[in-house]
There are 4 protein chains.
Amino acid sequence: LNDDRRRYASVIGPGVRADGLTDLACEIGRGLAEAGFTLVTGGEGGAMEAASRGAHEAGGTVVGVLPGTDRSHATSYADITIPTGMGHARNLAVVASGDVVVAVGGEWGTLSEIAFAGVIGRPVVAVAGWHLGHSTALPDGVHYAESAADAVELAVKLAG
Amino acid sequence: LNDDRRRYASVIGPGVRADGLTDLACEIGRGLAEAGFTLVTGGEGGAMEAASRGAHEAGGTVVGVLPGTDRSHATSYADITIPTGMGHARNLAVVASGDVVVAVGGEWGTLSEIAFAGVIGRPVVAVAGWHLGHSTALPDGVHYAESAADAVELAVKLAG
Amino acid sequence: LNDDRRRYASVIGPGVRADGLTDLACEIGRGLAEAGFTLVTGGEGGAMEAASRGAHEAGGTVVGVLPGTDRSHATSYADITIPTGMGHARNLAVVASGDVVVAVGGEWGTLSEIAFAGVIGRPVVAVAGWHLGHSTALPDGVHYAESAADAVELAVKLAG
Amino acid sequence: LNDDRRRYASVIGPGVRADGLTDLACEIGRGLAEAGFTLVTGGEGGAMEAASRGAHEAGGTVVGVLPGTDRSHATSYADITIPTGMGHARNLAVVASGDVVVAVGGEWGTLSEIAFAGVIGRPVVAVAGWHLGHSTALPDGVHYAESAADAVELAVKLAG
């Protein structure tokens with residue numbers, strides 16, 4: 001599939017296993033692949049690996065954009081790995097690579113990705129995890145989903 | 001003053017003027033300088049410039065860490081300018097340079113800095129702007145202040 | 001093809017067309033694809049596009065790691081595009097993504113990639129363009145080739 | 001001194017002690033400070049520390065732009081420290097911060113800085129270390145000096 005025809009979805013979330021998130025992330029990865037998305041993640045464990053597995057099992061293409069320089073650290077469910085050598089700054093590349101971004105739980109690293117998505121204008125679907133409030137007008141950009149199916153449906157809609 | 005003796009506070013916030021924030025940022029900058037902090041900002045306009053002006057007028061040292069490569073774009077209240085050429089990725093450097101981070105209003109760029117502060121373990125004081133919620137346990141790190149004086153007092157305490 | 005089985009070659013060079021380099025880069029891209037490499041480039045025009053076209057026409061997989069956030073700026077010969085939003089700092093990601101790096105001509109941007117390859121221990125094959133000398137012991141890492149065929153053969157050998 | 005009146009010189013070189021370079025870097029740092037430059041380095045040991053010491057002893061201002069997030073790793077001769085958290089990508093910030101760049105010996109990391117200086121148009125003075133050649137027209141930008149005094153004189157001239 002040439003790049004012109006691809007739609008990309010970035011799945012962001014914690015790099016360690018967290019209760020309930022693994023199944024959720026896997027189901028979201030599968031749904032996004034079935035909806036025709038090429039999946040991009042940060043290439044590590046936890047929710048990133050779970051989403052990658054889901055997409056891989058559904059026959060999708062999976063890209064891992066790693067913080068370090070050693071691609072052997074990537075989840076084995078990635079088809080393409082991009083070591084960046086930039087540490088946390090690679091979070092910007094992860095979200096810049098998605099036409100839509102799906103956040104599954106996550107703490108500070110995931111929040112930095114949600115924020116960068118806002119900075120560069122990528123729509124975000126958040127499932128579990130962060131809820132954002134603001135003292136004046138909350139900037140647009142984050143949409144909340146209650147389930148994997150909801151999240152995938154929203155992602156399809158937002159990716160246009 | 002040699003670096004060993006300095007304490008640094010990073011002030012983050014919008015690069016454009018926003019109602020009410022200019023005075024607040026200026027007062028916070030002044031207070032932080034009076035408390036002995038070297039001030040670090042992203043070096044641009046809006047809240048960054050206002051905080052820089054406040055610190056400058058109180059006789060403090062002000063550092064601007066710029067996204068581009070041209071230091072002539074920096075606020076004229078900076079004593080030292082560090083053009084990085086890294087665009088939004090310089091946000092990580094801004095917060096890494098503070099022993100404590102004070103967020104004054106702001107939208108997505110500011111949220112990315114709050115998040116990076118969380119990633120690398122810098123305490124954050126938020127005044128106006130973002131309020132963070134989480135579906136499970138909210139990670140520690142962000143403290144809320146109601147006024148410039150509160151914010152400075154909290155920053156002094158958190159910087160240890 | 002899953003990632004474990006891939007070998008990656010990064011082709012670096014000028015983003016604008018330069019005499020003689022277009023055909024050379026195209027031939028190198030084709031040869032690397034025929035040798036089984038997944039091709040990585042900076043995703044832009046000039047030598048990057050020419051190498052991408054060569055690999056594409058030989059049926060290879062081509063990845064473009066872009067400096068900006070807009071994937072529509074990528075060469076149309078890329079199968080996968082990774083916008084990074086990091087400007088020149090993405091050069092590190094381009095070389096970190098190759099098990100071997102092939103430099104085709106190029107000026108300062110290409111030299112920064114050769115240097116980063118040295119920093120992180122990726123072998124470099126240089127064809128046309130830079131010749132490096134050092135006043136004491138030249139560090140290992142750069143190998144010179146005289147033709148596209150030489151460059152491909154060296155890349156195969158160096159990628160182990 | 002406000003930023004408008006400062007001229008900045010970045011000194012780049014190896015982070016470990018190397019024969020002959022320590023004295024050379026120290027003398028260059030001293031000379032640059034005496035010529036009125038604010039000194040910027042990567043904030044680590046070796047040639048960076050030696051240049052910082054020279055500038056410090058001459059009463060100059062010294063800035064260290066660090067790869068990690070922990071400022072306690074900086075040379076104690078820095079007056080201002082900027083931890084970036086970006087690893088090797090901080091090399092771009094080091095050279096972007098100089099109106100002129102002086103390279104003292106060095107291997108791949110130093111070469112990446114010379115190259116970035118070329119990319120963003122900063123003049124470079126090289127003393128010992130790299131000698132660059134090119135198969136077609138060598139791009140302008142790197143000037144060679146034979147001694148610390150030569151290097152400082154060239155830096156003054158090139159910084160305009």
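Biologist: What rotation superposes chain A on chain C?

Modeller: Happy to walk you through it; keep in mind that this is a predicted model. A rotation of 180 degrees, with 0.0 Å of shift along its axis, places chain A on chain C at an RMSD of 0.0 Å. The two copies are therefore related as by a two-fold rotation axis. Both copies use the same surface, as 100% of the contact residues of chain A recur in chain C.

Biologist: How many residues does the contact take from chain A and from chain C?

Modeller: Chain A gives 32 residues and chain C gives 32 residues.

Biologist: And what area do chain A and chain C bury between them?

Modeller: About 2,400 Å², with 54% of it on carbon and sulfur atoms. On the chain A side, look for A:R71, A:I80 and A:M86: this trio supplies 22% of the area that chain A buries against chain C, more than any other three residues.

Biologist: Which side chain meets A:R71 in a salt bridge?

Modeller: That of C:D99, at 3.0 Å from N to O. For a salt bridge, the nitrogen has to lie within 4 Å of the carboxyl oxygen. By that rule, the interface of chain A and chain C has 2 salt bridges. There are also 12 residue pairs in polar contact across the interface.

Biologist: Which elements of chain A supply at least two residues each to the side that touches chain C?

Modeller: Find β3 (62-66), β4 (80-83) and α3 (90-96). The residues on that side of chain A divide into 14 nonpolar, 11 polar and 7 charged.

Note on methods:
Residues are numbered from 1 along each chain as its sequence is written. Chains are lettered from A and ligands numbered from 1 in the order in which they are written. This is a predicted model: local features need pLDDT of at least 70, side-chain atom pairs count only at pLDDT 80 or more; totals for chains, interfaces and linings use all residues. Side-chain values use heavy atoms; hydrogens and water are left out. Copies are superposed by least squares on the C-alpha atoms of residues with pLDDT of at least 70 in both. Contact means heavy atoms within 4.5 Å. Buried area is the accessible area (1.4 Å probe) that two parts lose on being put together, summed over both. A polar contact is a pair of N or O atoms within 3.5 Å; within protein, one must be able to donate a hydrogen and the other to accept it, and residues adjacent in sequence count only if both atoms are side-chain atoms. Helices (H or I, at least four residues) and strands (E, at least two) are DSSP runs, numbered from the N terminus. Ala, Val, Leu, Ile, Met, Phe, Trp, Tyr, Cys and Pro count as nonpolar, Asp, Glu, Lys and Arg as charged, and the others, Gly among them, as polar.
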